[in-house]
Amino acid sequence: MPTRPFAWLRHPLQYAYRSFLYRHPVRLADDGLLRRMAARATVPTNGPLSAEEKGIVAAIRRKTAEHNRNNVTRTAAYLAFFERHREIHWAFLAHLVSRNGGWNMTDLRGGLLPLLLPEQIVAPLFLFLERANALIFHDAYPQLLLYEESKRRETPLFHLLPALAVSSFMKPMWEHFWETENAALLTVALIINEQQYIQLRVIEHPFFRTRVLSSWPFIAEQWLGFNDVLIPYAKGRRVALAGTTVRDFADVHHRIHIGKMLYSLLLFDARLFRGACRFARCVPHSGSRADFWPQSFTETPDGRRLYSPRLEAAWPDLAHPFRDNRDWFTDEAIMQALETLPLPASGDMTNRYERHLAMMKTAAIAAAKSTLS
């Protein structure tokens with residue numbers, strides 16, 4: 001949709017059509033398909049694995065662990081996979097969202113947030129972000145590699161998903177994609193799966209509930225609108241921003257909706273998608289916000305721009321346990337989240353992010369003055 005004043009006068013019929021269309025979501029699946037997929041999810045798994053199948057599972061686990069070292073390695077792995085398999089839209093979406101996770105991690109050691117946050121919440125908040133990022137990769141990347149191996153062998157291997165501790169929800173989704181190549185439905189399924197996966201293991205974990213989600217800085221940051229999820233994209237010679245704002249991170253349904261919104265922006269705006277791809281390929285992820293706006297951020301303090309360190313300068317690598325193999329899929333009602341995809345009117349975030357940044361600078365200056373007084 002046009003974002004410039006009076007742009008609608010140039011193409012009034014197109015503008016009117018889009019205004020009407022964007023009021024309604026796109027339907028991805030009807031009730032009959034959802035019932036069939038739910039039934040397939042409850043089919044018992046096969047017997048013991050063969051030696052060859054055990055080898056496939058072991059190789060996938062090794063590759064996943066190799067790339068699951070930190071946010072930078074995970075983010076790069078998502079993009080590399082997408083470049084090999086462009087039909088798996090979720091891999092590119094995951095790359096962009098993971099970039100945001102890295103920026104949020106380094107913000108905790110940057111030029112603004114340390115002035116606004118109590119020191120005792122910084123380490124738990126990093127652990128919260130890092131744990132969610134690592135868990136999603138641990139669950140999702142093996143699925144991507146299993147699909148890659150299926151393509152290489154020209155035969156579906158999705159019966160091995162349970163051996164990788166992947167939710168029963170995903171097996172019919174991958175099988176359906178193999179049969180139909182319905183990339184949008186698979187993308188939404190992966191969005192739902194990964195958010196439900198971390199809901200059990202991070203959001204509902206007593207430590208994170210007490211030390212992070214119930215803390216006043218975390219609540220204030222969300223409701224003041226500072227929790228932006230950004231899609232940087234090349235626009236001529238500059239980098240513009242699309243995206244949205246997370247208002248209630250603890251609500252799994254809100255996070256699923258945010259994921260679907262971000263995907264819609266990429267899916268239905270070809271210019272945005274091309275620009276985001278161009279940015280992702282040209283600018284390797286470092287964790288610093290200087291990656292997308294070097295005019296405003298710097299990896300090394302210079303007294304002029306905001307300090308935004310690289311991930312390696314801000315936080316050490318952590319070794320994560322992955323012992324929780326519970327299946328979150330216990331209620332078929334979640335299948336309804338697959339029905340539709342929202343059509344946002346606009347995802348422009350450039351001006352909004354500039355406002356949020358200015359507000360945070362003002363708050364940080366005030367906090368610094370109060371500390372000195």
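Leaving out neighbours up to four places away in sequence, Leu-311 is in contact with Asn-70, Asn-71, Val-72, Met-105, Thr-106, Ser-286 and Gly-287, where contact means heavy atoms within 4.5 Å. This is a predicted model, so local features need pLDDT of at least 70 and side-chain atom pairs count only at pLDDT 80 or more, while totals for chains, interfaces and linings use all residues. Residues are numbered from 1 along each chain as its sequence is written, and side-chain values use heavy atoms, with hydrogens and water left out.

Leu-311 counts as buried because its relative accessibility is 5%. Buried here means under 20% relative accessible area, exposed over 50%, and partly exposed in between (1.4 Å probe, protein chains only). Asp-228 is 83 residues from Leu-311 along the chain, and the C-alpha atoms of the two are separated by 19 Å.

## The chain as a whole

Stepping back, the chain has 15 helices and six strands. The radius of gyration is 21 Å, close to the 21 Å that the globule rule gives for 373 residues, so the chain is as compact as a globular protein of that length. That radius is taken over C-alpha atoms, and the globule rule is 2.2 Å times the number of residues to the power 0.38. Along the principal axes, the C-alpha atoms fill a box of roughly 70 × 55 × 35 Å.

Of the 373 residues in the chain, 51% are buried. Among contacts with a separation of 6 or more, 73% are between residues 24 or more positions apart. The chain exposes about 18200 Å², and carbon and sulfur atoms supply 56% of this area; accessible areas come from the Shrake-Rupley method with a 1.4 Å probe, and for residues only the protein chains shown count as cover.

As for charge, there are 46 positive and 36 negative side chains, with the centres of the two sets 6 Å apart. The place of a charge is taken as NZ of Lys, CZ of Arg, CG of Asp or CD of Glu.

## The nonpolar core

The largest nonpolar core has 112 residues, and those with the most contacts inside it are Trp-90, Phe-128, Phe-169, Trp-174 and Leu-338. Such a core is a set of buried Ala, Val, Leu, Ile, Met, Phe, Trp, Tyr and Cys residues joined through side-chain atoms within 4.5 Å. Helix H7 (residues 119-153) gives the largest share of this core, 16 residues.

Beyond residues up to four places away in sequence, Trp-90 touches Tyr-78, Ile-136, Ala-140, Leu-144, Thr-187, Leu-190, Ile-191 and Glu-194.

Ala-29 sits in the loop between strand S1 (26-27) and helix H2 (31-41), and counts as buried at 3% relative accessibility. With neighbours within four places in sequence set aside, Ala-29 is in contact with Leu-34, Leu-185, Leu-338 and Glu-339.

| Pair | Separation in sequence | C-alpha to C-alpha |
|---|---|---|
| Ala-29 and Leu-338 | 309 residues | 6.7 Å |
| Gly-110 and Pro-309 | 199 residues | 6.2 Å |
| His-356 and Asp-228 | 128 residues | 8.8 Å |

Gly-110 has its place in the loop between helix H5 (89-107) and helix H6 (113-116). With a relative accessibility of 14%, Gly-110 counts as buried. Residues up to four places away aside, Gly-110 touches Tyr-307 and Pro-309.

His-356 belongs to helix H15, residues 350-372. This histidine is buried too, with a relative accessible area of 9%.

## Two loop residues with positive phi

Ala-165 has a phi near 60 degrees, a positive value in a residue other than glycine. Ala-165 lies in the loop between H7 and helix H8 (170-180) and, at 27% relative accessibility, counts as partly exposed.

For Glu-181, phi is likewise near 60 degrees, again positive in a residue other than glycine. Glu-181 lies in the loop between H8 and helix H9 (183-203), and its relative accessibility of 67% makes it count as exposed.

How values were computed
Helix = DSSP H or I, 4+ residues; strand = E, 2+ residues; numbered from the N terminus. Lys, Arg positive; Asp, Glu negative; His and termini not counted.
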